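The sequence and the structure come first.

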Amino acid sequence: MTDQTTITAVDGTDALAFVIVRPGETEGGVSIEAVANGMDKPGAAYVLRHVANQWDGGQGDQSATLTALNLLAERWEQMAKAGPDFGSELLIDEPTPVQVAQHERAATYRRAAADLREVLVSGRIPHGLMTTAELKQHGTPEETTS
């Protein structure tokens, strides 16, 4: 990203999303046009937060943390792609122990990324994680009755 530009016209036909900020009708106001057609709105929001953090250094702004968490989820999704995908079909050859471990690791990365994305989108901890945390804090029902 650069602050230097000499663009006087933009061809937006291949743009995934864009934001245009123009002077508003009132003194000091702005008019904003924003569209996300080629990507989902949470993805576009992530990009905008990334740009905002570059411009203001993320000082006192939670979006810097959200951007970091989003990057972490992206890395986990990328790491999950490295594992073998056995698919749902019958395997002719049994996978090796190394392939099984790689597949399980990839599944763990995918689940962690999905959980993190759910937290970022909904603002709530996924039920499975909440249950695990609650069990660690309060014990199982069997432990509390004995």
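A residue is called buried when its relative accessible area is under 20% and exposed when that area is over 50%, with partly exposed in between. On that scale, buried residues make up 13% of the 146 residues in the protein chain. The model is predicted.

**Fold**

The protein chain holds 5 helices and 2 strands. Along the sequence these elements follow the pattern β-β-α-α-α-α-α. Of the contacts between residues at least 6 apart in sequence, 32% join residues at least 24 apart.

**The strand pair**

| Strand | Residues |
|---|---|
| S1 | residues 17–23 |
| S2 | residues 30–36 |

S1 and S2 pair in the antiparallel sense, over 7 bridges. One of the residues involved is Pro23, whose bridge partner in S2 is Val30.

**Surface**

The accessible surface of the protein chain is about 11700 Å², and carbon and sulfur atoms account for 56% of it. Val19, Val21, Val30, Ile32 and Leu48 make a nonpolar surface patch of about 460 Å². S1 and S2 are the elements that give two or more residues to this patch.

Val19, one of the patch residues, lies in strand S1. Is Val19 buried, exposed or partly exposed? Val19 counts as partly exposed because its relative accessibility is 40%, a value that falls between the limits of 20% and 50%.

Methods:
Residues are numbered from 1 along each chain as its sequence is written. This is a predicted model: local features need pLDDT of at least 70, side-chain atom pairs count only at pLDDT 80 or more; totals for chains, interfaces and linings use all residues. Side-chain values use heavy atoms; hydrogens and water are left out. Two strands pair if DSSP finds at least two bridges between them. Helices (H or I, at least four residues) and strands (E, at least two) are DSSP runs, numbered from the N terminus. Buried means under 20% relative accessible area, exposed over 50%, partly exposed in between (1.4 Å probe, protein chains only). Contact means heavy atoms within 4.5 Å. Accessible areas come from the Shrake-Rupley method with a 1.4 Å probe; for residues, only the protein chains shown count as cover. Patches are made of residues with over 30% relative accessible area and no salt bridge: like charges are joined within 9 Å, nonpolar side chains (Val, Leu, Ile, Met, Phe, Trp, Tyr) within 5 Å. A salt bridge is a side-chain nitrogen of Lys or Arg within 4 Å of a carboxyl oxygen of Asp or Glu.
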